[in-house]
Amino acid sequence: KPYLFETVEFSKEEGKEHHLQIGNLKTYTQYSVVVQAFNKLGAGPMSDEARQYTAEGIPEQPPQDTTCTTLTSQTIRVSWVSPPLTAANGVIKGYKVVYGPSETWYDENTKDTKITSSSETILHGLKKYTNYSMQVLAFTSGGDGVRSAPIHCQTEQDVPEPPSAVKALVMTGESILVSWKPPTQPNGVVVQYTVYVKEESEEAKDEEPKSTKVPPFQMSYEATGLKKKARYEFWVTASTNIGEGQPSKPVQLAPSNRVPAKIASFDDKFTATYREDVKLPCLAVGVPAPEVKWKVKGTLFSSESSDRMRQLPEGSLLIKAVTRTDAGEYSCSVENSFGQDSVTHQLVVLAPPHMPQVTLTATTTNSITMKLKPHPGDNEPIHGYTVKYKPEFGDWETAQVSATAQKYTLENLWCGSRYQISVTAYNSIGTGDESDVLNTRTKGSKPIIPEASRFIEVSTNSITLHLSAWSDGGCPMLYFVVEHKKKSQVEWNQVSNNVKPGGNFVVLDLDPANWYHLRVTAHNNAGFAVAEYEFATLTITGGTIAPAREIADVGSGGINTDTSMQVILANLNLVVPVVSAVLVIIVAIIVICFLRGKGNHHKGKT
């Protein structure tokens, strides 16, 4: 390609080193540079060619064809194809695989990153039976490139962990109720529980424990046909399609005719979604049948106190269409003549977020920065924010903001314009309440009108407008509208309604030695400013003309009385001194004639 030459201002000081910064070049591209001096006689020889690459940038496109394959319950293979070389903007040094559980993908703290130089990698140590999301990016010395779209793979099932807790409660002299909690990590879909019963006696020590399979939705089992006063050991396992998991911790108990009040349910934390029904269990045993009482946030519950809560016959508490205010502590207590027991449940209500806290922190000519903070009453982590904004005379637009962002800047806004802003937060349940609408404006003002001496340069048949004389008020100029008319005319002549800012604009085809009015309207995003100027074109010889006078056109015929008076009144500053001079001359002539006449009279007498 041919060289592109740029003329450079320089210092004539001997030995002075000169510098030139060349902008708007392509990223990571080799350029050749030569320097050539010139004077009035012409250009000299070129210097030797110097070659240099511009700095590396970041890849403009993500890796292509990203795929994932599940290998085991804890490993996933991820593969991809390098982004096109034309979009690399440098030498690709490697790749980063960003991965994390899909359920918490919104939270950056739950993501991990693996760096590799190859086009595939295996992710190890993953959670069992968990859906993962993955993104891949390429990086150069310039930084990280664009991430690929997320892809998803789920790790395989495995055998479950043991049930997290087990209880054994006396029901009669020949039966015991066994209850349990699900595994903390089921590692798949639990298809059944197995309850094991073994008698603790010398006679039965060599016997195999009896086992009973229970469906996965059942969390208790009544062991019947037991020997009176014999002691038994119980444990429970959970199973998935892969197999049976490890046994729970064993519990021991002997049947008895004395049955104290006990609760088979466990202290637990229940999570309910906004507006859904929830049942808090309180499965009790005892003879005589114990009385079941509930306390809601420390206050004794009665069915008359709420139309959405009621105690079921088996003792559980049913709450219909839960709201945020239902969250809190619920305790169940039972008592009979042989004993008492209680459990406490924590109810967490997953509701859409409250109104987020939004504070404006800074504005520039084209940006507004705000501080974002979730409402302190939100229990469920937010997944992000939606910022709505609109200029005073525009349409609403939206921007999505990460949940981890503490500040956000709206950019590329109109300069010197009023804006309305509101923010909502959202989570896995839905979108929450909208914040109060904030009213603010970007910095900047309408264009500032310059003085005529700096703006207008007059010639014989034209004027040159130095557009750079206008101050933009902090908002870049959009365009100018230029109009003119002769001073005696009423209608304006539009020269252009789209004069681009910067440089000079020449108004041509003007008559020499004439007075004109010039009207210029400058526009920017903050508004517009109108300036009117009066100027006179130069004479053909380059001279200036006298100030214009508002007199009637007399070239078309005689002058009537009214016209004569207009001429006189228009030129009163010229008439008064002339008349005064004529009067002085007349008075002088009269005085001279009088003196001469008197002298001749005296001579005749002598």
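A residue is called buried under 20% relative accessible area, exposed over 50%, and partly exposed in between, with a 1.4 Å probe and protein chains only as cover. The model is predicted, so local features need pLDDT of at least 70 and side-chain atom pairs pLDDT 80 or more, whereas totals for chains, interfaces and linings use all residues. Residues are numbered from 1 along each chain as its sequence is written, and side-chain values use heavy atoms, without hydrogens or water.

By this burial rule, W470 is buried at 6% relative accessibility. F480 is also buried, at 1%. Rings of Phe, Tyr and Trp (its six-membered ring) pair if their centres lie within 6.5 Å; planes under 30 degrees apart are stacked, over 60 edge-to-face, and the rest tilted. The count comes to 10 aromatic pairs. One of them joins F455 and Y533, with centres 5.5 Å apart and planes at 45°, so the pair is tilted. F455 lies in helix α1 (residues 452-455) and Y533 in strand β43 (residues 527-536), so the pair ties together parts 78 residues apart in sequence. Helices (H or I, at least four residues) and strands (E, at least two) are DSSP runs, numbered from the N terminus. Both F455 and Y533 are buried. W470 and F480 form an edge-to-face pair, 5.8 Å centre to centre and 65° between the planes. Ring pairs link F455, W470, F480 and Y533 into a cluster.

Strands β13 (residues 163-170) and β14 (residues 176-183) run antiparallel and are joined by seven bridges; strands pair if DSSP finds at least two bridges between them. A hairpin connects β13 to β14 through five residues. K167 stands opposite S179 in β14.
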